Amino acid sequence: MHVRHTFRLLAVTALLASGQSVAQDTAAPAAGRVSYLSGTMYVQTADRKTRILARDSAIYGGDVITTEKTTVARIEFGDGSSLSLKPRSQVKIDGYAFDEAKPEKDSLLYSLVKGGLRAVTGLIGKRNREGYRASTVTATIGIRGTRFGMLLCDENEKEDPACVKALADARDRQPGEPALVFDVEEGSIEVKNDAGAKVFEIGQAGVVSSSKSSPQTLPVNPGLNESLPSSSAARPGPGGLGGNTGLGSDADASCTVQ
């Protein structure tokens with residue numbers, strides 16, 4: 001009996017160890033991490049679990065990331081791409097793939113649900129431009145190796161000076177649908193929806209008033225540098241929240257626990 005009991009115990013132990021190994025081996029690799037965080041930010045995972053994020057917290061495909069009303073954050077991906085999020089923003093990581101040996105399979109797909117961000121494309125933007133896409137309900141942005149900003153002008157952001165200025169003469173707004181305002185810091189982007197497509201070069205800004213309106217060039221930048229975080233500063237506060245030198249001190253930069 002003792003021998004049988006020992007055999008069963010060893011068999012169960014081996015099975016559990018095998019299951020743990022399989023779970024670890026099949027776990028999806030992280031797409032990126034939180035490299036800067038000032039304030040509170042949380043994520044809803046693909047399996048509908050919610051957790052608070054901290055600096056160095058891992059980000060995965062399927063994650064929906066939300067910043068609170070005073071939070072500024074930056075997410076860095078494995079290929080060197082980054083997203084700097086303004087307060088009251090929400091972005092979903094729709095998909096991420098990066099393999100140095102297989103550039104044709106590279107992809108970074110994300111959707112801006114609300115708020116705004118500044119994006120820097122990494123190796124994916126250089127090796128497989130078709131694999132990079134930023135989406136909103138109003139329009140989609142494709143890239144050509146670049147840095148750009150985007151701001152959704154909805155009920156939460158309607159008083160933002162950049163939204164007010166960009167939409168001052170808009171005549172084709174759709175009730176309940178946000179407008180998209182954007183600019184290009186480096187490289188170029190292609191903005192498109194069902195109404196049309198247009199390429200914007202470095203230094204240009206534009207607006208898409210609704211999903212039924214084609215992208216339009218703005219004569220001047222409506223002030224996105226004041227509304228959006230910096231894409232390059234070590235602490236990415238927007239001009240209106242501390243200038244391009246960043247927001248807050250290192251002591252401010254996240255103390256929440258994952």
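A polar contact is a pair of N or O atoms within 3.5 Å; within protein, one must be able to donate a hydrogen and the other to accept it, and residues adjacent in sequence count only if both atoms are side-chain atoms. The model here is predicted, so local features need pLDDT of at least 70 and side-chain atom pairs count only at pLDDT 80 or more, while totals for chains, interfaces and linings use all residues. Residues are numbered from 1 along each chain as its sequence is written, and side-chain values use heavy atoms, with hydrogens and water left out.

**Exercise 1.** Find D183 and work out whether D183 is buried or exposed.

*Solution.* Start with strand β14, residues 179-186, where D183 sits; strands are DSSP runs (E, at least two residues), numbered from the N terminus. Next, check the relative accessible area: at 3%, D183 is buried (under 20%; exposed is over 50%, partly exposed in between, with a 1.4 Å probe and protein chains only).

**Exercise 2.** Which side chains are joined to that of D183 by polar contacts?

*Solution.* Take R118 first: its side chain meets that of D183 at 2.8 Å. Then look at N221, whose side chain is joined to D183's by a polar contact of 3.0 Å.

**Exercise 3.** How do strands β2 and β5 run, and how many bridges join them?

*Solution.* Locate β2 at residues 41-44 and β5 at residues 64-67. Count the bridges: there are four, and the strands run antiparallel (strands pair if DSSP finds at least two bridges between them). For a landmark, spot V43 opposite I65 in β5.
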